[in-house]
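This report walks through one protein chain, element by element. Please keep the sequence and the model open while reading.

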Amino acid sequence: MKNDEKDRLLRNAMEEHGDYLKRLIYTYVKDVQKAEDILQDTFVKFYTRFEQFEKRSSVKTYLYRIAVNEAQNYLRSWSFRKVEFADRLRTFKQGSSAEDQYIKSEGNRTLGELVKELPVKYREVIWLYYYDELTVNEISEILACSPNTVKTRLSRGRKLARISIEEGDYEY
């Protein structure tokens, strides 16, 4: 494939899917700047490995798969764990009581924040299904699992969210 054609495909993919991918990645890493870095890595991998794309799925599904893998790789990385530990240590050193932290965190929270607090395996399917409006089969391709697994995770994620809504103070 010629470089001009690859460049055009990359530009189109960035324009069509960039915002959705950024939001998807953000649901994993919960940091806007890190999400932008991972998004950039996603498009670099898309560009450099386009010849490996077998076209059994859509470009959208291929990009989502790369983005999910990159986000999961970051969450497993030492740099993420080091930053997370440093943040917890900083909070501990500031000396605010557990009660103060709880009151601060339980202020008016939105449904979107509730979804962000779900475990990753439920959060990713709920995000892809409701926010990105992907089908169960597309989600199963992206996450490399069976459609039944996706349906189960959707059901359990909804159940967890429902319990949290009933117990918590969430705005719709």
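## Helix 2: length and span

The expected span of a helix is 1.5 Å times one less than its number of residues. This model is predicted. Helix 2 covers residues 32–48, which is 17 residues. Its first and last C-alpha atoms are 24 Å apart, close to the expected 24 Å.

Which residues of helix 2 are buried? They are A35, I38, L39, T42, F43 and F46. These residues lie on the same side of helix 2, because they cover an arc of only 145° around the axis. An α-helix has 3.6 residues a turn, so residues three or four places apart point the same way.

What do the buried residues of helix 2 pack against? Their partners are helix 1 (3–29) and helix 3 (59–76). The face turned away from the buried side of helix 2 carries Q33 and Q40, both exposed.

## The start of helix 2

D31 caps the N-terminal end of helix 2. One of its side-chain oxygens lies 3.1 Å from the backbone nitrogen of Q33.

K30 sits in the loop between helix 1 and helix 2. Its phi is near 55°, a positive value in a residue other than glycine. Most residues other than glycine have a negative phi. K30 counts as partly exposed, because its relative accessibility is 42% and that class runs between 20% and 50%.

K6 belongs to helix 1. Is K6 buried or exposed? K6 counts as buried, because its relative accessibility is 10%, and the cut-off for buried is under 20%. The side chain of K6 reaches the backbone oxygen of Y47 at 3.2 Å. D7 is also in helix 1. With a relative accessible area of 28%, D7 is partly exposed. D7 and Y47 are 40 residues apart in sequence, yet their C-alpha atoms are 8.0 Å apart in space.

V29 is another residue of helix 1. V29 is buried, with a relative accessible area of 8%. Which residues does V29 contact, leaving aside its neighbours within four places in sequence? They are K34, A35, I38, Y74 and L75. Of these, A35 and I38 are among the buried residues of helix 2. V29 and Q72 are 43 residues apart along the chain, and 8.7 Å separates their C-alpha atoms.

## The second largest pocket

How much space lies in the second largest pocket? The figure is about 370 Å³. Its lining is made of 16 residues. Q52, F53, Y62, R65 and I66 lie nearest the centre of this pocket.

Which helix gives the most to the lining? Helix 3 does, with 7 residues. Helix 3 is also one of the two helices against which the buried residues of helix 2 pack.

## Helix 7

Helix 7 covers residues 120–131. At 1.5 Å a residue, its 12 residues should span 16 Å, and its end C-alpha atoms are 15 Å apart, which agrees.

The buried residues of helix 7 are Y122, R123, E124, V125, I126, W127 and L128. Just after helix 7, E133 takes a positive phi of about 55°.

## The loop between helix 8 and helix 9

A144 lies in the loop between helix 8 (136–143) and helix 9 (147–167). Its phi is near 55°, again a positive value in a residue other than glycine. Is A144 buried or exposed? A144 counts as exposed, because its relative accessibility is 62% and the exposed class begins over 50%.

## The whole chain

The protein has 9 helices and 2 strands. Along the sequence, the pattern is α-α-α-α-α-β-α-α-α-α-β.

What share of the 172 residues is buried? Buried residues make up 33%. Among contacts with a separation of 6 or more, 65% are between residues 24 or more positions apart.

Key
Residues are numbered from 1 along each chain as its sequence is written. This is a predicted model: local features need pLDDT of at least 70, side-chain atom pairs count only at pLDDT 80 or more; totals for chains, interfaces and linings use all residues. Side-chain values use heavy atoms; hydrogens and water are left out. Helices (H or I, at least four residues) and strands (E, at least two) are DSSP runs, numbered from the N terminus. Buried means under 20% relative accessible area, exposed over 50%, partly exposed in between (1.4 Å probe, protein chains only). The arc is that of the directions from the helix axis to the C-beta atoms. Contact means heavy atoms within 4.5 Å. A polar contact is a pair of N or O atoms within 3.5 Å; within protein, one must be able to donate a hydrogen and the other to accept it, and residues adjacent in sequence count only if both atoms are side-chain atoms. On a 1 Å grid over the protein atoms alone, a cavity is a set of points where a 1.4 Å probe fits but cannot get out, and a pocket is an open set with protein on both sides within 12 Å along at least five of seven lines; lining residues have an atom within 4 Å of a point. Grid points are joined across faces, edges and corners, and a volume is the space filled by probe spheres set on the points.
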